[in-house]
Amino acid sequence: MYINGKVTQGKASEKIDVLNPATEEVIGSAWRGTPQDVDAAVAAAHSAFDGWRKTPANQRAGLMHRAAAKMRDNHRALVESLTLEEGKPLVEHEEEVWWTEETMDYYAELGRHQRGLVLPPGDAAQFNFVLEEPWGVVGCIIPWNYPLLLLAWKLAPALAAGNTVVIKPSEFTPLTTLKLVEMAFDHFPPGVVNVVTGLGVETGEPLVKHPDVKMIAFTGSLATGQRIASLAAPMMKKLHLELGGKDPMVIGPDVELKVATRALAYSALLNAGQVCTSTERVYVHDSLYPQFTEELAEFVSSLRLGNGMDAGTEIGPMLRGHFREKVENQVADAVKNGAKVVVGGERPAEFDKGFFYKPTILVDVNHSMKVMTEETFGPIIPLMPYKDFDEAIWLANDSQYGLGASLMSNDAKLVKRFFEGVQAGSIWINDPLTDNFAGPFGGMKMSGQGRELGEAGYQEFLQIKHVHWDMEAEIKEYWYPY
Ligand code: NAD
(Lines give C-alpha, C1' and ligand atoms only; values in the text may rest on other atoms or scores of the structure.)
Protein backbone atom coordinates (compact mmCIF):
# COMPACT_ATOMS: atom_id res chain seq x y z
CA MET A 1 0.00 0.00 0.00
CA TYR A 2 1.09 3.62 -0.15
CA ILE A 3 0.38 5.65 2.96
CA ASN A 4 1.85 9.01 3.95
CA GLY A 5 4.46 8.87 1.18
CA LYS A 6 5.69 5.38 2.06
CA VAL A 7 5.23 1.90 0.63
CA THR A 8 3.83 -0.16 3.48
CA GLN A 9 2.29 -3.44 4.52
CA GLY A 10 0.28 -1.53 7.12
CA LYS A 11 -1.58 -3.84 9.47
CA ALA A 12 -2.28 -6.40 6.73
CA SER A 13 -1.24 -9.97 7.30
CA GLU A 14 -2.54 -11.58 4.10
CA LYS A 15 -2.20 -10.92 0.42
CA ILE A 16 -4.71 -11.16 -2.40
CA ASP A 17 -3.41 -12.82 -5.56
CA VAL A 18 -3.81 -11.06 -8.88
CA LEU A 19 -4.41 -13.25 -11.93
CA ASN A 20 -3.65 -12.74 -15.59
CA PRO A 21 -7.12 -13.25 -17.11
CA ALA A 22 -5.63 -14.64 -20.33
CA THR A 23 -3.64 -17.42 -18.64
CA GLU A 24 -5.15 -17.66 -15.13
CA GLU A 25 -1.57 -17.48 -13.77
CA VAL A 26 -0.83 -15.53 -10.60
CA ILE A 27 1.16 -12.48 -11.68
CA GLY A 28 1.49 -10.79 -8.31
CA SER A 29 -0.35 -9.96 -5.16
CA ALA A 30 -1.36 -6.99 -3.05
CA TRP A 31 -1.92 -6.63 0.67
CA ARG A 32 -5.40 -7.33 1.93
CA GLY A 33 -5.79 -3.98 3.68
CA THR A 34 -7.65 -3.63 6.97
CA PRO A 35 -9.88 -0.95 8.48
CA GLN A 36 -6.83 0.22 10.49
CA ASP A 37 -4.97 0.82 7.21
CA VAL A 38 -7.87 2.95 6.03
CA ASP A 39 -7.65 4.90 9.31
CA ALA A 40 -3.92 5.45 8.79
CA ALA A 41 -4.37 6.58 5.18
CA VAL A 42 -7.23 8.94 6.07
CA ALA A 43 -5.20 10.36 8.97
CA ALA A 44 -2.30 11.04 6.59
CA ALA A 45 -4.59 12.63 4.01
CA HIS A 46 -6.35 14.65 6.70
CA SER A 47 -3.13 16.12 8.09
CA ALA A 48 -1.82 16.85 4.57
CA PHE A 49 -5.02 18.64 3.57
CA ASP A 50 -4.43 22.08 5.08
CA GLY A 51 -1.00 22.39 3.48
CA TRP A 52 -2.22 21.13 0.12
CA ARG A 53 -5.27 23.36 -0.07
CA LYS A 54 -3.08 26.37 0.70
CA THR A 55 -0.45 25.40 -1.88
CA PRO A 56 -0.85 27.92 -4.71
CA ALA A 57 -2.64 26.47 -7.72
CA ASN A 58 0.36 27.20 -9.92
CA GLN A 59 2.58 25.06 -7.72
CA ARG A 60 0.00 22.28 -7.63
CA ALA A 61 -0.14 22.42 -11.42
CA GLY A 62 3.64 22.09 -11.63
CA LEU A 63 3.61 18.98 -9.43
CA MET A 64 0.81 17.45 -11.49
CA HIS A 65 2.61 18.09 -14.79
CA ARG A 66 5.68 16.42 -13.31
CA ALA A 67 3.55 13.38 -12.40
CA ALA A 68 2.31 13.25 -16.01
CA ALA A 69 5.89 13.45 -17.28
CA LYS A 70 6.96 10.55 -15.06
CA MET A 71 4.03 8.51 -16.37
CA ARG A 72 5.17 9.23 -19.94
CA ASP A 73 8.72 8.11 -19.05
CA ASN A 74 7.23 4.81 -17.84
CA HIS A 75 4.46 4.61 -20.42
CA ARG A 76 5.18 1.20 -21.93
CA ALA A 77 5.75 -0.46 -18.55
CA LEU A 78 2.35 0.80 -17.37
CA VAL A 79 0.69 -0.41 -20.59
CA GLU A 80 2.13 -3.92 -20.22
CA SER A 81 1.36 -4.10 -16.53
CA LEU A 82 -2.28 -3.19 -17.26
CA THR A 83 -2.62 -5.82 -19.97
CA LEU A 84 -1.22 -8.47 -17.65
CA GLU A 85 -3.73 -7.77 -14.89
CA GLU A 86 -6.79 -6.57 -16.83
CA GLY A 87 -6.51 -8.47 -20.12
CA LYS A 88 -7.31 -5.79 -22.74
CA PRO A 89 -5.07 -5.83 -25.81
CA LEU A 90 -1.96 -3.65 -25.57
CA VAL A 91 -3.35 -1.19 -28.10
CA GLU A 92 -6.31 -0.44 -25.82
CA HIS A 93 -4.02 0.09 -22.84
CA GLU A 94 -1.83 2.40 -24.92
CA GLU A 95 -4.90 4.59 -25.15
CA GLU A 96 -5.80 4.20 -21.47
CA VAL A 97 -2.34 5.26 -20.28
CA TRP A 98 -2.28 8.15 -22.77
CA TRP A 99 -5.64 9.34 -21.38
CA THR A 100 -4.30 9.07 -17.84
CA GLU A 101 -1.27 11.23 -18.64
CA GLU A 102 -3.29 13.81 -20.56
CA THR A 103 -5.96 14.00 -17.84
CA MET A 104 -3.28 14.96 -15.33
CA ASP A 105 -2.12 17.81 -17.59
CA TYR A 106 -5.67 18.88 -18.44
CA TYR A 107 -6.75 19.30 -14.82
CA ALA A 108 -3.43 20.84 -13.79
CA GLU A 109 -4.27 23.68 -16.17
CA LEU A 110 -7.95 23.83 -15.24
CA GLY A 111 -6.91 24.21 -11.58
CA ARG A 112 -4.54 27.02 -12.54
CA HIS A 113 -7.39 28.84 -14.29
CA GLN A 114 -9.96 28.40 -11.54
CA ARG A 115 -11.88 31.62 -10.98
CA GLY A 116 -14.41 32.79 -8.44
CA LEU A 117 -17.43 34.97 -8.91
CA VAL A 118 -18.26 38.50 -7.79
CA LEU A 119 -21.99 39.19 -7.44
CA PRO A 120 -24.01 42.39 -7.69
CA PRO A 121 -24.38 43.59 -4.07
CA GLY A 122 -27.72 44.37 -2.38
CA ASP A 123 -26.34 47.74 -1.26
CA ALA A 124 -23.44 49.91 -2.42
CA ALA A 125 -21.49 49.26 0.79
CA GLN A 126 -21.66 45.54 0.38
CA PHE A 127 -19.33 43.14 -1.36
CA ASN A 128 -20.67 39.72 -2.37
CA PHE A 129 -18.53 36.98 -3.78
CA VAL A 130 -18.38 33.22 -4.15
CA LEU A 131 -15.44 31.09 -3.09
CA GLU A 132 -14.89 27.55 -4.28
CA GLU A 133 -13.16 25.34 -1.76
CA PRO A 134 -11.97 21.73 -1.75
CA TRP A 135 -13.99 19.22 0.27
CA GLY A 136 -11.07 17.77 2.21
CA VAL A 137 -10.16 14.07 2.08
CA VAL A 138 -11.73 12.39 -0.95
CA GLY A 139 -12.12 8.60 -1.07
CA CYS A 140 -11.66 7.37 -4.67
CA ILE A 141 -13.07 3.85 -5.17
CA ILE A 142 -12.15 2.40 -8.54
CA PRO A 143 -13.37 -0.58 -10.62
CA TRP A 144 -11.18 -3.00 -12.55
CA ASN A 145 -12.15 -2.35 -16.16
CA TYR A 146 -10.17 0.90 -16.63
CA PRO A 147 -8.00 0.96 -13.50
CA LEU A 148 -5.89 4.01 -14.41
CA LEU A 149 -8.23 6.02 -16.60
CA LEU A 150 -11.11 5.99 -14.13
CA LEU A 151 -8.65 6.78 -11.35
CA ALA A 152 -7.26 9.74 -13.29
CA TRP A 153 -10.74 11.18 -13.90
CA LYS A 154 -11.09 11.48 -10.10
CA LEU A 155 -7.54 11.94 -8.86
CA ALA A 156 -6.57 14.74 -11.25
CA PRO A 157 -9.53 17.08 -10.61
CA ALA A 158 -9.46 16.24 -6.89
CA LEU A 159 -5.79 17.25 -6.56
CA ALA A 160 -6.10 20.29 -8.81
CA ALA A 161 -8.96 21.54 -6.65
CA GLY A 162 -6.88 21.17 -3.47
CA ASN A 163 -8.26 17.93 -2.01
CA THR A 164 -6.15 15.07 -0.68
CA VAL A 165 -7.08 11.51 -1.61
CA VAL A 166 -7.23 7.93 -0.45
CA ILE A 167 -7.48 5.53 -3.39
CA LYS A 168 -9.09 2.09 -3.11
CA PRO A 169 -8.32 0.19 -6.32
CA SER A 170 -10.22 -2.93 -7.32
CA GLU A 171 -8.95 -6.08 -5.64
CA PHE A 172 -8.67 -7.58 -9.15
CA THR A 173 -6.37 -4.87 -10.56
CA PRO A 174 -4.34 -3.13 -7.83
CA LEU A 175 -0.83 -3.67 -9.24
CA THR A 176 -0.55 -0.96 -11.90
CA THR A 177 -2.24 1.59 -9.63
CA LEU A 178 0.40 0.94 -6.97
CA LYS A 179 3.19 1.22 -9.56
CA LEU A 180 1.73 4.46 -10.87
CA VAL A 181 1.34 6.12 -7.49
CA GLU A 182 4.74 5.03 -6.14
CA MET A 183 6.48 6.17 -9.30
CA ALA A 184 4.60 9.29 -10.38
CA PHE A 185 3.58 10.90 -7.08
CA ASP A 186 6.66 10.43 -4.91
CA HIS A 187 7.51 14.15 -5.29
CA PHE A 188 4.14 15.16 -3.74
CA PRO A 189 3.98 16.15 -0.06
CA PRO A 190 3.44 12.93 1.98
CA GLY A 191 -0.22 12.15 2.62
CA VAL A 192 -1.63 14.00 -0.40
CA VAL A 193 -2.03 10.74 -2.38
CA ASN A 194 -2.53 7.41 -0.56
CA VAL A 195 -3.49 3.92 -1.71
CA VAL A 196 -5.13 1.22 0.40
CA THR A 197 -5.56 -2.13 -1.34
CA GLY A 198 -8.03 -4.82 -0.34
CA LEU A 199 -11.63 -5.93 -0.49
CA GLY A 200 -14.62 -3.66 -0.86
CA VAL A 201 -16.19 -4.63 2.45
CA GLU A 202 -12.93 -4.48 4.42
CA THR A 203 -11.43 -1.28 3.01
CA GLY A 204 -14.05 0.40 0.79
CA GLU A 205 -16.75 0.49 3.46
CA PRO A 206 -14.52 1.87 6.24
CA LEU A 207 -13.39 4.55 3.80
CA VAL A 208 -17.00 5.50 3.00
CA LYS A 209 -17.93 5.57 6.69
CA HIS A 210 -14.86 7.43 7.97
CA PRO A 211 -15.92 10.79 9.47
CA ASP A 212 -12.84 12.56 8.09
CA VAL A 213 -13.63 11.55 4.49
CA LYS A 214 -15.85 14.30 3.14
CA MET A 215 -16.46 13.07 -0.39
CA ILE A 216 -16.63 9.69 -2.11
CA ALA A 217 -15.91 9.50 -5.82
CA PHE A 218 -16.94 6.03 -6.92
CA THR A 219 -17.12 4.15 -10.21
CA GLY A 220 -18.55 0.66 -10.18
CA SER A 221 -21.75 -1.33 -10.21
CA LEU A 222 -25.20 -0.04 -9.33
CA ALA A 223 -25.46 -2.41 -6.35
CA THR A 224 -22.21 -1.14 -4.81
CA GLY A 225 -23.24 2.45 -5.57
CA GLN A 226 -26.50 1.92 -3.71
CA ARG A 227 -24.63 0.41 -0.77
CA ILE A 228 -22.20 3.33 -0.67
CA ALA A 229 -25.04 5.86 -0.87
CA SER A 230 -26.81 4.21 2.06
CA LEU A 231 -23.61 4.18 4.15
CA ALA A 232 -22.82 7.80 3.33
CA ALA A 233 -26.35 9.15 3.89
CA PRO A 234 -26.23 9.51 7.70
CA MET A 235 -23.20 11.81 7.34
CA MET A 236 -24.61 13.66 4.30
CA LYS A 237 -21.36 13.11 2.41
CA LYS A 238 -20.80 14.49 -1.03
CA LEU A 239 -21.20 11.58 -3.46
CA HIS A 240 -20.00 11.33 -7.01
CA LEU A 241 -21.30 8.07 -8.47
CA GLU A 242 -20.56 6.59 -11.91
CA LEU A 243 -22.55 3.37 -12.12
CA GLY A 244 -23.68 0.74 -14.59
CA GLY A 245 -25.30 1.02 -17.98
CA LYS A 246 -27.27 -0.79 -20.66
CA ASP A 247 -26.43 1.44 -23.56
CA PRO A 248 -28.56 1.25 -26.72
CA MET A 249 -27.44 1.86 -30.28
CA VAL A 250 -30.02 2.74 -32.92
CA ILE A 251 -29.18 2.01 -36.55
CA GLY A 252 -30.97 4.52 -38.79
CA PRO A 253 -32.48 3.53 -42.13
CA ASP A 254 -29.91 5.57 -44.08
CA VAL A 255 -26.63 4.01 -42.85
CA GLU A 256 -23.83 2.57 -44.91
CA LEU A 257 -23.75 -1.02 -43.73
CA LYS A 258 -19.98 -1.27 -43.58
CA VAL A 259 -19.62 1.85 -41.42
CA ALA A 260 -22.49 0.97 -39.09
CA THR A 261 -21.42 -2.63 -38.51
CA ARG A 262 -17.80 -1.61 -37.80
CA ALA A 263 -18.98 1.10 -35.35
CA LEU A 264 -21.21 -1.37 -33.57
CA ALA A 265 -18.57 -4.11 -33.34
CA TYR A 266 -16.16 -1.62 -31.77
CA SER A 267 -18.66 -0.19 -29.30
CA ALA A 268 -19.99 -3.59 -28.22
CA LEU A 269 -16.74 -5.56 -28.10
CA LEU A 270 -14.10 -3.08 -26.89
CA ASN A 271 -12.45 -4.62 -23.81
CA ALA A 272 -14.55 -7.76 -24.48
CA GLY A 273 -17.67 -5.69 -23.83
CA GLN A 274 -16.48 -4.77 -20.33
CA VAL A 275 -16.99 -1.04 -20.70
CA CYS A 276 -19.66 0.84 -18.76
CA THR A 277 -20.74 2.47 -22.02
CA SER A 278 -20.52 -0.69 -24.15
CA THR A 279 -23.37 -0.95 -26.61
CA GLU A 280 -25.47 -3.71 -25.02
CA ARG A 281 -28.66 -3.62 -27.14
CA VAL A 282 -29.14 -2.68 -30.75
CA TYR A 283 -32.23 -1.52 -32.64
CA VAL A 284 -31.93 -1.85 -36.42
CA HIS A 285 -34.33 -0.31 -38.93
CA ASP A 286 -36.29 -3.25 -40.34
CA SER A 287 -35.60 -2.24 -43.96
CA LEU A 288 -31.98 -3.33 -43.55
CA TYR A 289 -32.16 -5.80 -40.66
CA PRO A 290 -31.31 -9.00 -42.64
CA GLN A 291 -28.38 -7.47 -44.57
CA PHE A 292 -27.13 -5.72 -41.43
CA THR A 293 -27.15 -8.97 -39.45
CA GLU A 294 -25.31 -10.81 -42.21
CA GLU A 295 -22.62 -8.14 -42.65
CA LEU A 296 -22.13 -7.85 -38.87
CA ALA A 297 -21.86 -11.62 -38.46
CA GLU A 298 -19.20 -11.84 -41.15
CA PHE A 299 -17.16 -9.03 -39.61
CA VAL A 300 -17.46 -10.19 -35.99
CA SER A 301 -16.45 -13.74 -36.99
CA SER A 302 -13.21 -12.32 -38.44
CA LEU A 303 -12.08 -10.67 -35.17
CA ARG A 304 -9.07 -12.23 -33.48
CA LEU A 305 -9.50 -13.39 -29.92
CA GLY A 306 -6.34 -13.89 -27.87
CA ASN A 307 -3.92 -12.91 -25.15
CA GLY A 308 -3.80 -9.12 -24.96
CA MET A 309 0.01 -9.27 -24.88
CA ASP A 310 0.14 -10.78 -28.39
CA ALA A 311 0.39 -8.41 -31.33
CA GLY A 312 -2.69 -8.73 -33.51
CA THR A 313 -5.10 -9.59 -30.71
CA GLU A 314 -8.31 -7.64 -31.13
CA ILE A 315 -10.38 -9.05 -28.28
CA GLY A 316 -8.94 -10.25 -24.99
CA PRO A 317 -10.44 -12.42 -22.28
CA MET A 318 -13.08 -11.43 -19.75
CA LEU A 319 -11.71 -10.58 -16.31
CA ARG A 320 -12.79 -13.60 -14.25
CA GLY A 321 -14.79 -16.80 -14.51
CA HIS A 322 -17.78 -15.50 -12.58
CA PHE A 323 -18.23 -12.54 -14.95
CA ARG A 324 -18.16 -14.99 -17.88
CA GLU A 325 -20.77 -17.18 -16.14
CA LYS A 326 -23.08 -14.20 -15.82
CA VAL A 327 -22.82 -13.68 -19.58
CA GLU A 328 -23.43 -17.37 -20.22
CA ASN A 329 -26.52 -17.27 -18.03
CA GLN A 330 -27.92 -14.30 -19.94
CA VAL A 331 -27.34 -16.04 -23.29
CA ALA A 332 -28.96 -19.24 -21.97
CA ASP A 333 -31.95 -17.25 -20.67
CA ALA A 334 -32.35 -15.53 -24.05
CA VAL A 335 -32.11 -18.79 -26.01
CA LYS A 336 -34.58 -20.48 -23.65
CA ASN A 337 -37.02 -17.66 -24.39
CA GLY A 338 -36.69 -17.82 -28.17
CA ALA A 339 -33.49 -15.97 -29.12
CA LYS A 340 -31.16 -17.40 -31.78
CA VAL A 341 -27.37 -17.35 -31.71
CA VAL A 342 -26.03 -16.11 -35.06
CA VAL A 343 -22.34 -16.09 -34.10
CA GLY A 344 -20.49 -17.26 -30.97
CA GLY A 345 -22.57 -18.18 -27.94
CA GLU A 346 -19.83 -20.30 -26.38
CA ARG A 347 -16.28 -20.43 -25.04
CA PRO A 348 -13.64 -20.73 -27.77
CA ALA A 349 -12.25 -24.25 -28.02
CA GLU A 350 -8.71 -23.12 -28.85
CA PHE A 351 -7.89 -21.85 -25.32
CA ASP A 352 -7.74 -24.27 -22.42
CA LYS A 353 -6.90 -21.42 -20.01
CA GLY A 354 -8.14 -17.88 -19.68
CA PHE A 355 -11.62 -16.43 -19.28
CA PHE A 356 -12.38 -16.17 -22.97
CA TYR A 357 -15.85 -15.96 -24.47
CA LYS A 358 -16.58 -15.72 -28.18
CA PRO A 359 -18.08 -12.46 -29.41
CA THR A 360 -21.73 -13.31 -29.81
CA ILE A 361 -24.62 -12.02 -31.92
CA LEU A 362 -28.18 -12.77 -30.86
CA VAL A 363 -31.39 -12.19 -32.85
CA ASP A 364 -35.08 -12.67 -32.00
CA VAL A 365 -34.56 -10.95 -28.67
CA ASN A 366 -37.08 -8.81 -26.79
CA HIS A 367 -37.33 -6.78 -23.60
CA SER A 368 -38.57 -9.68 -21.50
CA MET A 369 -35.05 -11.16 -21.64
CA LYS A 370 -32.26 -10.41 -19.15
CA VAL A 371 -29.84 -9.77 -22.01
CA MET A 372 -31.96 -6.73 -23.00
CA THR A 373 -32.59 -5.37 -19.50
CA GLU A 374 -29.73 -6.29 -17.13
CA GLU A 375 -26.17 -5.09 -17.54
CA THR A 376 -24.23 -7.81 -19.42
CA PHE A 377 -20.63 -6.52 -19.27
CA GLY A 378 -19.47 -9.02 -21.87
CA PRO A 379 -19.07 -9.48 -25.64
CA ILE A 380 -22.73 -9.90 -26.58
CA ILE A 381 -24.58 -8.05 -29.36
CA PRO A 382 -28.38 -8.54 -29.27
CA LEU A 383 -30.15 -7.18 -32.40
CA MET A 384 -33.79 -6.18 -32.54
CA PRO A 385 -35.63 -4.63 -35.53
CA TYR A 386 -37.81 -1.52 -35.29
CA LYS A 387 -40.25 0.02 -37.75
CA ASP A 388 -40.51 3.70 -36.94
CA PHE A 389 -38.13 6.03 -35.17
CA ASP A 390 -40.43 6.84 -32.24
CA GLU A 391 -40.48 3.14 -31.46
CA ALA A 392 -36.65 3.10 -31.54
CA ILE A 393 -36.51 6.02 -29.09
CA TRP A 394 -39.07 4.35 -26.84
CA LEU A 395 -37.02 1.13 -26.82
CA ALA A 396 -33.80 3.05 -26.16
CA ASN A 397 -35.42 4.68 -23.11
CA ASP A 398 -36.94 1.44 -21.81
CA SER A 399 -34.23 0.87 -19.20
CA GLN A 400 -33.47 1.84 -15.60
CA TYR A 401 -30.06 3.03 -16.86
CA GLY A 402 -29.16 6.18 -18.77
CA LEU A 403 -25.40 6.25 -19.21
CA GLY A 404 -24.76 6.54 -22.97
CA ALA A 405 -26.67 6.05 -26.22
CA SER A 406 -25.53 5.94 -29.84
CA LEU A 407 -27.17 6.61 -33.18
CA MET A 408 -25.82 5.75 -36.59
CA SER A 409 -27.46 8.09 -39.09
CA ASN A 410 -26.75 11.12 -41.22
CA ASP A 411 -30.35 12.25 -41.32
CA ALA A 412 -30.35 15.53 -39.37
CA LYS A 413 -34.02 15.25 -38.46
CA LEU A 414 -33.51 11.81 -36.91
CA VAL A 415 -30.37 12.99 -35.15
CA LYS A 416 -32.29 15.86 -33.52
CA ARG A 417 -35.15 13.60 -32.46
CA PHE A 418 -32.61 11.21 -30.98
CA PHE A 419 -30.57 13.64 -28.88
CA GLU A 420 -33.69 15.42 -27.68
CA GLY A 421 -35.65 12.25 -26.90
CA VAL A 422 -33.13 9.81 -25.45
CA GLN A 423 -32.39 9.95 -21.71
CA ALA A 424 -28.65 9.41 -21.42
CA GLY A 425 -25.68 11.40 -20.13
CA SER A 426 -23.69 10.90 -23.35
CA ILE A 427 -25.12 10.81 -26.86
CA TRP A 428 -22.84 9.63 -29.64
CA ILE A 429 -23.79 10.16 -33.28
CA ASN A 430 -21.78 8.07 -35.77
CA ASP A 431 -18.80 7.69 -33.39
CA PRO A 432 -19.71 5.66 -30.30
CA LEU A 433 -17.70 5.68 -27.06
CA THR A 434 -15.48 8.60 -27.94
CA ASP A 435 -14.72 10.80 -24.94
CA ASN A 436 -13.55 14.39 -24.95
CA PHE A 437 -11.48 15.97 -22.16
CA ALA A 438 -13.84 18.95 -22.09
CA GLY A 439 -17.01 16.88 -22.49
CA PRO A 440 -18.84 15.98 -19.26
CA PHE A 441 -19.28 12.23 -18.79
CA GLY A 442 -21.79 10.54 -16.50
CA GLY A 443 -25.19 8.99 -16.17
CA MET A 444 -28.87 9.87 -16.00
CA LYS A 445 -31.44 7.71 -14.18
CA MET A 446 -29.79 4.88 -12.20
CA SER A 447 -26.45 5.21 -13.98
CA GLY A 448 -25.28 7.67 -11.36
CA GLN A 449 -25.02 11.24 -10.26
CA GLY A 450 -22.43 13.87 -11.05
CA ARG A 451 -20.12 14.19 -14.04
CA GLU A 452 -16.49 13.44 -14.75
CA LEU A 453 -14.30 15.27 -17.28
CA GLY A 454 -14.55 18.88 -18.36
CA GLU A 455 -15.29 21.78 -16.03
CA ALA A 456 -18.27 19.89 -14.63
CA GLY A 457 -15.90 17.10 -13.56
CA TYR A 458 -13.72 19.67 -11.80
CA GLN A 459 -16.57 21.46 -10.02
CA GLU A 460 -17.63 18.18 -8.37
CA PHE A 461 -14.49 18.38 -6.27
CA LEU A 462 -15.24 21.89 -5.00
CA GLN A 463 -17.86 23.20 -2.63
CA ILE A 464 -19.29 26.66 -2.89
CA LYS A 465 -19.20 29.37 -0.22
CA HIS A 466 -21.00 32.70 -0.57
CA VAL A 467 -19.40 35.62 1.28
CA HIS A 468 -21.60 38.64 2.12
CA TRP A 469 -19.47 41.49 3.41
CA ASP A 470 -20.87 44.84 4.55
CA MET A 471 -17.97 47.22 4.69
CA GLU A 472 -19.70 49.99 6.66
CA ALA A 473 -20.53 48.11 9.90
CA GLU A 474 -23.48 50.41 10.69
CA ILE A 475 -26.86 49.66 12.32
CA LYS A 476 -29.36 48.61 9.62
CA GLU A 477 -32.92 49.88 9.48
CA TYR A 478 -34.17 46.28 9.02
CA TRP A 479 -32.72 45.14 12.40
CA TYR A 480 -34.71 45.32 15.68
CA PRO A 481 -36.56 47.23 16.92
CA TYR A 482 -39.22 47.11 14.13
P1 NAD B 1 -17.90 -3.13 -8.19
O2 NAD B 1 -19.01 -2.24 -7.80
O3 NAD B 1 -17.99 -4.56 -7.86
O4 NAD B 1 -16.52 -2.63 -7.53
C5 NAD B 1 -16.03 -1.32 -7.73
C6 NAD B 1 -15.13 -0.94 -6.56
O7 NAD B 1 -15.93 -0.86 -5.38
C8 NAD B 1 -14.03 -1.94 -6.25
O9 NAD B 1 -12.87 -1.24 -5.87
C10 NAD B 1 -14.60 -2.72 -5.07
O11 NAD B 1 -13.62 -3.30 -4.25
C12 NAD B 1 -15.34 -1.63 -4.34
N13 NAD B 1 -16.40 -2.11 -3.46
C14 NAD B 1 -17.11 -3.27 -3.56
N15 NAD B 1 -18.01 -3.36 -2.55
C16 NAD B 1 -17.88 -2.23 -1.83
C17 NAD B 1 -18.55 -1.73 -0.67
N18 NAD B 1 -19.52 -2.44 -0.07
N19 NAD B 1 -18.18 -0.53 -0.19
C20 NAD B 1 -17.22 0.19 -0.80
N21 NAD B 1 -16.52 -0.24 -1.88
C22 NAD B 1 -16.87 -1.43 -2.40
O23 NAD B 1 -17.68 -2.90 -9.76
P24 NAD B 1 -16.63 -3.61 -10.74
O25 NAD B 1 -17.05 -5.01 -11.01
O26 NAD B 1 -15.25 -3.34 -10.25
O27 NAD B 1 -16.83 -2.74 -12.07
C28 NAD B 1 -17.80 -3.01 -13.03
C29 NAD B 1 -18.98 -2.09 -12.86
O30 NAD B 1 -18.54 -0.74 -12.93
C31 NAD B 1 -20.01 -2.22 -13.96
O32 NAD B 1 -21.30 -2.19 -13.40
C33 NAD B 1 -19.77 -1.00 -14.82
O34 NAD B 1 -20.87 -0.57 -15.57
C35 NAD B 1 -19.36 0.00 -13.81
N36 NAD B 1 -18.59 1.06 -14.45
C37 NAD B 1 -19.17 2.30 -14.56
C38 NAD B 1 -18.47 3.32 -15.20
C39 NAD B 1 -19.07 4.69 -15.34
O40 NAD B 1 -18.33 5.62 -15.64
N41 NAD B 1 -20.36 4.88 -15.14
C42 NAD B 1 -17.19 3.07 -15.72
C43 NAD B 1 -16.65 1.79 -15.57
C44 NAD B 1 -17.35 0.80 -14.92
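Buried means under 20% relative accessible area, exposed over 50%, and partly exposed in between (1.4 Å probe, protein chains only). This is a predicted model, where local features need pLDDT of at least 70, side-chain atom pairs count only at pLDDT 80 or more, and totals for chains, interfaces and linings use all residues. Residues are numbered from 1 along each chain as its sequence is written, and side-chain values use heavy atoms, with hydrogens and water left out.

**Stop 1: helix 2**

The expected span is 1.5 Å times one less than the number of residues. Now pick out R60, A61, L63, M64, A67, A68, K70 and M71: these are buried. Their cover includes helix 1 (35-54), helix 3, helix 4, helix 5 (149-160) and helix 6 (175-184).

**Stop 2: helices 3 and 4**

Select 75-86 and 90-112. Helix 3 and helix 4 pack at about 125 degrees, axes 9 Å apart. The crossing is right-handed. For the contact (heavy atoms within 4.5 Å), show H75, R76, L78, V79, E80, L82, T83 and E86 of helix 3 against L90, H93, E94, E96, V97, W98 and E101 of helix 4.

**Stop 3: helix 11**

Select 321-336. Helix 11 has 16 residues and reaches 22 Å between its first and last C-alpha. Buried here are G321, F323, R324, V327, Q330, V331, D333 and A334. They pack against strand 14 (340-343), strand 15 (360-363), helix 12 (370-373) and strand 16 (380-386).

Conventions: Axes fitted to C-alpha atoms, helices over the stretch in contact; angles between N-to-C directions. Helix = DSSP H or I, 4+ residues; strand = E, 2+ residues; numbered from the N terminus. Left-handed = near helix turned anticlockwise from the far one by under 90°.
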